[in-house]
Amino acid sequence: MHRLVLRHGSVPSDPGARVVAGLSNPEPPSSRTHSKPSHRRDSHISPPYLRPHVFAHERLSSWHTIHGNRFYDELSKSFPPELLSKWRNTLEASVELDTRQNYAAGLLRFTQFCDKYSVPETERMPASEQLLSLFLADSAAGRVTAKTASSWLTGLQMWHILNGAEWKATELLKRTKKGVKKLTPTSSHQPEALPVTYEHMLALRHCLDLSNSKDVAIWAATAIAFKTCTRLGELIPKTLSSFLSSKNVSRECPKTRKTLQTGRHTFQFHIPWTKTTGSQGAWLYLLSSDDDIDSVTALEHHLYVNSNIPPHASLFAFETSSGWSYLSKVDVIARCHDIWSSQNLSLPTGHGFRIGGATFLLMCGVDPWIVMKIGRWSSKAFLLYWREVESIFLTFLDERSPTLQKIKQSLAQIASFTS
C-alpha cells in the first residue's frame, strides 16, 4: 500500500481556469477548425478514382467498388437517387463515428493487400472467403492481435453491406481467425486495463484544487464516473472541439433531485449515449455518501461554482477568466496522471473508472446483480468483466473469504441465465 500524502491547493490544472471568487461572463469557445486529411507513407493505395483520399471515418461512404457502382446503377432504374442516398445514409448511421474510424483500417489494409498481389477489382467485392483468409494470413497473422483482425473484417463486412455485396464467411475464415489469435506476437499483447482504485480517488480528492473551476469540474466528472461505473468518455468529449449534443451530456439534460427519508440526497440525470445502449442513452443515479467520494456533493459543488454556463454546453464545462470552456477527456486524464504520478500510483485510462468503480462496489459487498444494473452490463458482458478483474480481487481477498464466495455464487446465478 502506498502512503497517501494529502496535498491541498496544488497547482491549478489550467492557468486560464477561474478561481471561485470573482465570476465572469461566459463566452463560447472558438468554433471547430477543419483540416485536410494528411498523407501517410503506409496508406498508399490505387486507383484514386475509386478510393479518393479522405478522412478515415469517411472511407465507408466515399470508397467505391465496381460491384457497388453496378448495384446502385441497377437500383436507380426503379428508385429515385434521393431515396437511394437516404437509404445509404441510414445504413451508415447504424455505425458510430468512432467505430467508422476503426473500420477504416480494415478497408485500407485489405486494399493494400489486393494491390500487392494485383487482385482484379472485380474480385475484391464480393470478396471470396479464400481471398479474405489469404488477407488475414498475409496482413494479420504474426503481426497484430486477433481483436484487430476481427475489427478489420467487421469493417469489410460493413463495406460489403453498403455496396450490396454478399459477405462470405464460414468455417475457413473462422479457422483462419483462430490461427491469427494463436500467432499473435508477444509485442502485440496489450496489458490488462488498470482499474482506478479507491486510493486513486482519494489522491484526486485531496490533490485537486477545489477553489479552481477546472479542477472542480474534473472532480465532479471523475467522482461520477467512479461511483456509477461509467466510462469517462460517456460523460465528457474526447477533445475540446469534439462535443456533440447527441453524444455528450449537456447542462439542459433531464435531471431530478430528491431527499430520501434516510436524509440522503439523490441526483439523477440522463446521458444521451453509452457504448452499450447507443443513442438510447441511460439514466445515472447518484446517492450521497459519507466517504470522501460523495458524487452528489461533487456535482452540486461543480454546478454552483461553474454556474454561468450556457444550457447547450457540456454538463461539465467550466468557467474561465475569459468566459467558459469544455472539459475534455484528454485534459482530465492528463491532470489525473500528474497527480497519480506524484503519489506513486499506477496510471489507468478513462475506462479504468468503470472497471475500478465496479470493483470497489463488489469489494464493499454490493451484490453483483446490483453492480451489473448500476454499470448497465448485460449478463454476458458482466461475466467477461469478471474474468478481467478476478485476479485483482485475489490480491485483496483470500480465495476462501466470505465476500469472494458470495460474489462467485451470484456470478454462477448470472451465468445460468446466459446459458
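Student: In β3, which residue is the bridge partner of Gln268?

Tutor: Two strands count as paired if DSSP finds at least two bridges between them. Here the bridge partner of Gln268 is Tyr285 in β3. The strands β2 and β3 pair in the antiparallel sense over six bridges. This is a predicted model, in which local features need pLDDT of at least 70 and side-chain atom pairs count only at pLDDT 80 or more, while totals for chains, interfaces and linings use all residues. Residues are numbered from 1 along each chain as its sequence is written, and side-chain values use heavy atoms, with hydrogens and water left out.

Student: In what sense do β1 and β2 pair?

Tutor: Strands (E, at least two residues) and helices (H or I, at least four) are DSSP runs, numbered from the N terminus. β1 and β2 pair in the antiparallel sense over five bridges. One of the positions to look at is Arg257, whose bridge partner in β2 is Phe267. The hairpin of β1 and β2 has five residues between the strands, and Gly263 there takes a positive phi near 95°. In total the chain has 16 helices and five strands.

Student: How many of the residues of β2 are buried?

Tutor: Buried means under 20% relative accessible area, exposed means over 50%, and partly exposed lies in between, with a 1.4 Å probe and protein chains only. Six of the seven residues of β2 are buried, so the strand is mostly covered. Across the chain of 419 residues, buried ones make up 46%.

Student: Which residues touch the most other members of the largest nonpolar core?

Tutor: In soluble globular proteins, nonpolar side chains tend to be buried together. A nonpolar core is a set of buried Ala, Val, Leu, Ile, Met, Phe, Trp, Tyr and Cys residues joined through side-chain atoms within 4.5 Å. The largest one here has 52 residues, and Phe269, Phe316, Leu327, Trp340 and Phe353 touch the most other members. Elements that each supply at least two residues of this core include β2, β3, α11 and α12. Helix α10 gives the most to this core, with nine residues. Another core, apart from this one, has 29 residues, among them Val95, Phe110, Trp159 and Leu173.

Student: With which residues is Phe269 in contact, leaving aside its neighbours within four places in sequence?

Tutor: Contact means heavy atoms within 4.5 Å. With those neighbours left aside, the contacts of Phe269 include Ile224, Val249, Trp283, Leu299 and Leu315. For the chain, take contacts between residues at least 6 apart in sequence: 68% of them join residues at least 24 apart.

Student: How many salt bridges are there?

Tutor: Side chains of opposite charge can pair when their charged atoms come close. A salt bridge is a side-chain nitrogen of Lys or Arg within 4 Å of a carboxyl oxygen of Asp or Glu. The count comes to 16 salt bridges. In one of them, Glu171 and Arg175 have their closest N and O atoms 3.2 Å apart. Both lie in helix α8, four residues apart, about one turn of the helix. Glu171 is partly exposed at 43% relative accessible area, and Arg175 is exposed at 52%.

Student: Are Glu121 and Arg124 buried or exposed?

Tutor: Glu121 is buried at 17% relative accessibility, and Arg124 is buried at 10%. Their side chains form a salt bridge of 3.5 Å, N to O. Glu121 and Arg124 are separated by about one helical turn because they are three residues apart in helix α5. A network of salt bridges links Arg51, Asp115, Glu121 and Arg124.

Student: Where do Lys227 and Asp291 lie?

Tutor: Lys227 and Asp291 meet in a salt bridge at 3.4 Å, N to O. This pair links distant parts of the chain, with Lys227 in helix α10 and Asp291 in the loop between β3 and α11, 64 residues apart. Lys227 is buried at 15%, whereas Asp291 is partly exposed at 25%.

Student: What does the side chain of Glu234 reach at 2.9 Å?

Tutor: The side chain of Glu234 reaches the backbone nitrogen of Lys275 at that distance. Glu234 sits in the loop between α10 and β1 and is buried, with a relative accessible area of 2%. Residues that Glu234 touches, not counting those up to four places away in sequence, include Ile271, Trp273 and Arg376.

Note on methods:
Polar contact = N/O pair within 3.5 Å; in protein donor to acceptor, adjacent residues only side chain to side chain.
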